[in-house]
Amino acid sequence: MNSTYDYIIVGAGSAGCVLAHRLSADPSVRVLLLEAGGRDNSFLIRMPAGIARLITPEVNWLYETEPQAELRGRRLFWPRGKTLGGSSSINAMVYIRGQPQDYDRWCAGGSPGWAYQDVLPYFRRAENNEALHDDWHGRGGPLNVCDRRYTNPLSDLFVEAAVASGLARNADFNGRAQEGAGRYQVTQRDGRRCSASSAYLHPLAGRRNLTVVTGALALRILLQGRRAVGVEYARSGTPLAVRAEREVLLAAGAINSPQLLLLSGIGPADELRAQGLTVRHDLPGVGRNLQDHLDVHVIRACTRPVTLDPLARGLGAARTALRYALFKTGAGVSNVAEAGAFLRTAAATPDVQLHFIPAYVVDHGRRRMPGYGMTLHVCYLRPASRGTIRLASPDPAAPARIDPAYLSEPADLAPLIAGIRRARDIYAQAPLRGYLGPEVFPGDGRDSDAALEEFIRAAAETEYHPVGTCRMGSDAAAVVDPQLRVCGLDGLRVVDASVMPTLVSGNTNAPTIMIAEKAADLILGKAPP
């Protein structure tokens with residue numbers, strides 16, 4: 001062993017940063033935080049609108065799925081953060097928790113202690129909400145949540161159009177009710193992105209008992225019998241081993257946490273043997289239960305130059321960046337997905353989420369469109385389809401095989417079709433009518449269910465919310481117990497979105513931070529706040 005710590009955290013994403021902050025608060029405890037990516041010092045990370053240009057290997061794993069049988073055999077692009085802060089350093093900063101029923105389902109399904117009444121105090125502890133002060137929101141927490149300094153006028157017109165279509169106006173999707181339309185609150189502070197690293201990690205620069213190592217690719221968990229005792233990782237091609245006196249904590253996310261377990265010989269025995277790996281602990285659920293929100297866009301051309309498009313090109317982009325650098329104002333503060341809505345298609349609570357973007361966004365922003373446009377993303381919130389994470393190779397540097405199995409459950413299709421129709425209805429309302437050009441996608445004339453189904457299969461993409469691959473529960477197929485301890489092993493926990501039994505009804509960053517806040521108390525044996 002090269003050195004010894006009390007806790008070793010693998011992954012400095014949303015959960016890892018929270019764990020590092022909370023566990024190192026005791027100066028007698030030695031904490032090591034390992035991150036495969038580099039520092040998060042890019043101007044494009046700090047400037048919220050820089051999200052459109054964070055598709056680079058320096059900060060992004062740039063994953064791709066296996067060919068999707070129900071999506072015309074396409075391989076889908078899956079961006080994930082590879083830097084301090086993880087995906088919270090490259091996401092759209094939308095602050096959404098989901099519905100109370102999401103967490104009550106976790107509890108009823110075999111995860112006691114994770115009902116909404118149990119997790120709400122941790123959401124509140126994490127949060128410093130500048131605008132909302134009530135029983136649902138917190139003050140003084142590390143994660144800053146606020147209203148943006150800039151909102152494009154089309155985003156407010158979208159809200160008015162959604163209200164005109166019959167939706168309620170909602171100023172707080174995380175409060176009394178989720179249903180309705182409104183502006184999204186964002187994880188920003190003083191016009192800058194407030195990632196998990198800027199919220200939880202950077203303020204600890206003087207903490208001598210916390211060691212942060214970047215460029216550290218975890219190779220395997222070191223086991224002695226049934227106990228995790230350390231981690232082997234590589235930095236600049238040199239393998240190193242570090243010892244954990246208390247616990248190893250996996251916080252590498254829904255793709256990399258199960259991959260590291262498998263590389264360590266922890267997982268389905270037949271799959272491990274097929275890769276030539278020694279089976280250290282047969283745990284069939286590792287890499288199973290993969291879930292993600294599938295998303296499809298409804299895009300209209302805009303007849304007036306009021307969108308974000310001209311501000312992201314050429315001289316417009318230069319002016320936007322300069323104004324942001326000097327004053328932290330203007331379109332550089334936009335999180336792009338500025339407004340949205342939650343609506344019901346065939347459920348008792350909202351089952352479709354909309355993200356409105358006052359610009360063209362095609363192929364994750366990688367395809368540039370001429371002119372001006374508006375994009376409305378339609379996402380089905382509670383899919384039944386389940387996929388897998390499997391090893392492609394015993395080489396830790398090789399990406400895992402990602403198979404979300406989108407639409408493998410046919411019932412996931414109808415809410416997306418209904419969501420497209422609702423999106424079209426919102427566009428058609430009076431507040432937006434004077435700005436509407438032709439429908440670009442799905443396209444004029446695609447009106448039947450069959451035509452919309454074909455469009456979904458040809459165009460749907462990820463909404464960037466993978467979860468579930470180290471599922472929490474009390475049954476034989478669970479990977480971790482309700483204390484987030486890996487079943488059958490000692491000294492090893494998983495703390496990230498992979499432990500979610502089912503997807504939450506919304507964006508997953510805030511719930512992941514909540515999971516880590518609660519996990520810190522579980523690890524330290526503290527009572528809930």
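**Rings, helices and a buried arginine**

Ten aromatic pairs are counted in this structure, which is a predicted model. A pair of rings is described by the distance of the centres and the angle of the planes.

Start with F158 and F356. Their ring centres lie 4.9 Å apart, with 5 degrees between the planes, and the pair is stacked. F158 belongs to helix α5 and F356 to strand β18, 198 residues apart. F158 has 0% relative accessibility, so it counts as buried. F356 is also at 0%, so it is buried too.

Now turn to F173 and F342. Their centres are 5.2 Å apart and their planes stand at 65 degrees, so this pair is edge-to-face. It too links distant parts of the chain, 169 residues apart, with F342 in strand β17. Both F173 and F342 are buried.

Rings can also join into a group. Ring pairs link Y103, W106, W114, Y116 and F123 into a cluster. Over the face of W114 lies K518, at 5.1 Å from the ring centre. K328 lies over the face of Y324, also at 5.1 Å from the ring centre.

Next, look at two helices. The axes of α1 (residues 14-23) and α13 (residues 509-524) come within 8 Å and cross at roughly 35 degrees. The crossing is right-handed. Among the residues making the contact are V18 and L19 of α1, and I513 and A516 of α13. By class, the contact has ten nonpolar, three polar and two charged residues.

Finish at R457, in helix α12. Is R457 buried or exposed? Its relative accessible area is 11%, under the 20% cut-off, so R457 is buried. Leaving aside neighbours within four places in sequence, R457 contacts E70, L71, R72, R74, L407 and L413.

Key
Residues are numbered from 1 along each chain as its sequence is written. This is a predicted model: local features need pLDDT of at least 70, side-chain atom pairs count only at pLDDT 80 or more; totals for chains, interfaces and linings use all residues. Side-chain values use heavy atoms; hydrogens and water are left out. Axes are lines fitted to C-alpha atoms, for helices over the stretch in contact, and angles run from 0 to 180 degrees between N-to-C directions. Helices (H or I, at least four residues) and strands (E, at least two) are DSSP runs, numbered from the N terminus. A crossing is left-handed if the near helix is turned anticlockwise from the far one by less than a right angle, and right-handed if clockwise. Contact means heavy atoms within 4.5 Å. Ala, Val, Leu, Ile, Met, Phe, Trp, Tyr, Cys and Pro count as nonpolar, Asp, Glu, Lys and Arg as charged, and the others, Gly among them, as polar. Buried means under 20% relative accessible area, exposed over 50%, partly exposed in between (1.4 Å probe, protein chains only). Rings of Phe, Tyr and Trp (its six-membered ring) pair if their centres lie within 6.5 Å; planes under 30 degrees apart count as stacked, over 60 as edge-to-face and the rest as tilted. A charge sits over a ring if NZ of Lys or CZ of Arg is within 6 Å of the ring centre and within 35 degrees of the ring normal.
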